[in-house]
Amino acid sequence: MKNLIVLKVITAVLVISVLFSLFSCMDEDRIEVPPVKLENINGNYKGRLITVQGELKAEKIVDFKIKKDTLTFPEFPLKEIVTAVVKDPVKVQNALAAMGKVKYNLNYSAAVNADKNWVELTFAPKDLELQIPVDGVNKKTVVTLAAKQKGYFSGLDYTLRFALAAEKITVNGTTLNPFEPIYYNFPYCIKTN
């Protein structure tokens, strides 16, 4: 009988100590996010780009830079745009080679949220103007870019997420029709400096 009482007391003590340890761990699971400032967003980035156009999907890594109120692509991804204009795969490759790197500046305004743990970016894309060489003639191409959603810079891991869309393409003054919009999704971009 005495052994049964001792066993019950030991079991009760174990149950109570397990409960206390579980409740004490609950507060430790919260991660404190360091406060972020608008200046923290400035720097060089390497980002994963997922390009979607209709059923076609492509992924690659791109580099860009953010300074003050401008996100700069030193080499904007043009393959899908040129393919929509030119159609012939051989001529697309020739046009891309002839065009080289095309720089694009994307303006934005930024605001830190109330908890100061992320920065919200509101983009103001300008049209992208290109001269696409095909069969010895340049096709004046204007790509209308839009940002359907805001971008976010996280203070926790200094990563950036945003998306753009090429909604319309005009070639020599004529709107390309039919045209499937091109979506440029940047789900995870890492600050490299």
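Student: What share of contacts between residues at least 6 apart join residues at least 24 apart in sequence?
Tutor: In this chain the share is 61%. Please keep in mind that the model is predicted.

Student: How many helices and strands are there, and in which order?
Tutor: There are three helices and eleven strands. Along the sequence the pattern reads α-β-β-β-α-α-β-β-β-β-β-β-β-β.

Student: And how much of the chain is buried?
Tutor: Of its 193 residues, 35% count as buried. The chain exposes about 12,200 Å², and 57% of that comes from carbon and sulfur atoms.

Student: Let us take a helix. Which residues of α2 are buried?
Tutor: They are E80, I81, V82, A84, V85 and V86.

Student: Is K87 buried or exposed?
Tutor: K87 is exposed, because its relative accessibility is 55% and the cut-off for exposed is over 50%. Its side chain still reaches back to the backbone oxygen of A84, at 2.7 Å. Setting aside residues up to four places away in sequence, K87 touches V82 and V92.

Student: What about A95, where is that?
Tutor: A95 lies in helix α3, residues 89-99. A95 counts as buried because its relative accessibility is 1%.

Student: Which residues does A95 touch?
Tutor: Beyond the residues up to four places away in sequence, A95 touches V82, I132 and P133. A95 and P133 are 38 residues apart along the chain, yet their C-alpha atoms are separated by 5.5 Å.

Student: New topic: how many salt bridges does the whole structure have?
Tutor: The search finds five. One of them joins the side chains of D63 and K46, at 2.9 Å from N to O. D63 is in strand β2 and K46 in strand β1, so this pair ties together parts 17 residues apart in sequence.

Student: Which other pairs can you show me?
Tutor: K91 forms a salt bridge with D135, with the closest N and O atoms 3.1 Å apart. This pair links helix α3 with the loop between β6 and β7, 44 residues apart. Another salt bridge joins E167 and K148, at 2.6 Å from N to O. Here E167 sits in strand β9 and K148 in the loop between β7 and β8, 19 residues apart.

Student: Then which backbone oxygens does its side chain reach? I mean K191.
Tutor: A polar atom of the K191 side chain lies 2.4 Å from the backbone oxygen of N40, and the side chain reaches the backbone oxygen of N42 at 2.8 Å. K191 itself is found in strand β11, residues 182-191. Leaving aside neighbours within four places in sequence, its contacts include I41, G43 and Y158.

Student: Could we finish with the strands? Which strands pair with β5?
Tutor: Strand β4 is one partner: six bridges join β4 and β5, which run antiparallel. Strand β8 also pairs with β5 in the antiparallel sense, over four bridges.

Student: What happens between β4 and β5?
Tutor: They form a hairpin with five residues between the strands, and in that hairpin K116 takes a positive phi near 55°.

Technical notes:
Residues numbered from 1 in each chain as written. Predicted model: local features only at pLDDT ≥ 70, side-chain atom pairs only at ≥ 80, totals over all residues. Heavy atoms only, no water. Helix = DSSP H or I, 4+ residues; strand = E, 2+ residues; numbered from the N terminus. Polar contact = N/O pair within 3.5 Å; in protein donor to acceptor, adjacent residues only side chain to side chain. Contact = heavy atoms within 4.5 Å. Pairing = 2+ DSSP bridges. Buried < 20%, exposed > 50% of the residue type's maximum accessible area, 1.4 Å probe, protein only. Areas by Shrake-Rupley, 256 points an atom, 1.4 Å probe, with all protein chains shown as cover. Salt bridge = Lys/Arg side-chain N within 4 Å of Asp/Glu carboxyl O.
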